[in-house]
Amino acid sequence: QLQACGGGLVQAGGSLRLSCVASGALFSEHSIGWFRQAPGKDREFVGAVSWSGTMKFYGDSVKGRFTISRDNSRKTVYLQMNSLKPEDTAVYYCAATRAIRSSESNRYNYWGQGTLVTVSS
């Protein structure tokens with residue numbers, strides 16, 4: 001089971017940190033990815049981190065602004081979002097996959113509930 005939290009309302013240029021907490025064995029040997037979906041748009045890959053935490057990669061729209069980190073002792077993955085823009089407004093989801101590296105949502109087998117991020121201009 002995955003649970004995402006930390007969303008909220010922030011002004012453009014501000015920052016937020018989302019957390020994704022995993023329970024049970026789900027955190028072990030799974031990469032964790034973040035996706036987002038804005039109203040009327042397709043789900044978009046944001047970024048992912050491998051189980052070891054050594055491999056991280058990001059979607060083009062967030063590169064240089066968002067950072068993923070992982071604390072295996074807490075079974076938590078963080079998404080630090082800086083320099084937020086109104087177009088970052090979306091529901092953000094975390095998900096788990098056994099794939100080492102994937103940006104494809106259909107390779108993620110476990111999904112948490114979303115957390116809403118709203119960026120005002």
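Biologist: Is Asp71 buried, partly exposed or exposed?
Modeller: Keep in mind this is a predicted model. Asp71 has a relative accessible area of 23%, so it counts as partly exposed, since buried means under 20%.

Biologist: And which residue does Asp71 form a salt bridge with?
Modeller: That's Arg74, with the closest N and O atoms 3.3 Å apart. Arg74 counts as exposed, at 57% relative accessibility.

Biologist: OK, how many salt bridges does the count come to?
Modeller: Six. Another one of them joins Glu29 and Arg98, where the closest N and O atoms are 3.6 Å apart.

Biologist: Which parts does that pair tie together?
Modeller: Two loops. Glu29 is in the loop between strand S3 (16-22) and strand S4 (31-37), and Arg98 is in the loop between strand S9 (90-97) and strand S10 (110-111), so the pair links parts 69 residues apart in sequence.

Biologist: Are those two buried or exposed?
Modeller: Glu29 and Arg98 are both exposed.

Biologist: Switching topic: what does Asp88 meet in a salt bridge?
Modeller: The side chain of Arg36, at 2.8 Å from N to O. Asp88 lies in the loop between strand S8 (76-81) and S9, while Arg36 is in strand S4, so this pair ties together parts 52 residues apart in sequence.

Biologist: Buried or exposed, for Asp88?
Modeller: Buried, with a relative accessible area of 0%. Arg36 counts as buried too, at 5% relative accessibility.

Biologist: Which residues are linked with them in a network of salt bridges?
Modeller: Glu44 and Arg65 are linked with Arg36 and Asp88 in that network.

Key
Residues numbered from 1 in each chain as written. Predicted model: local features only at pLDDT ≥ 70, side-chain atom pairs only at ≥ 80, totals over all residues. Heavy atoms only, no water. Salt bridge = Lys/Arg side-chain N within 4 Å of Asp/Glu carboxyl O. Helix = DSSP H or I, 4+ residues; strand = E, 2+ residues; numbered from the N terminus. Buried < 20%, exposed > 50% of the residue type's maximum accessible area, 1.4 Å probe, protein only.
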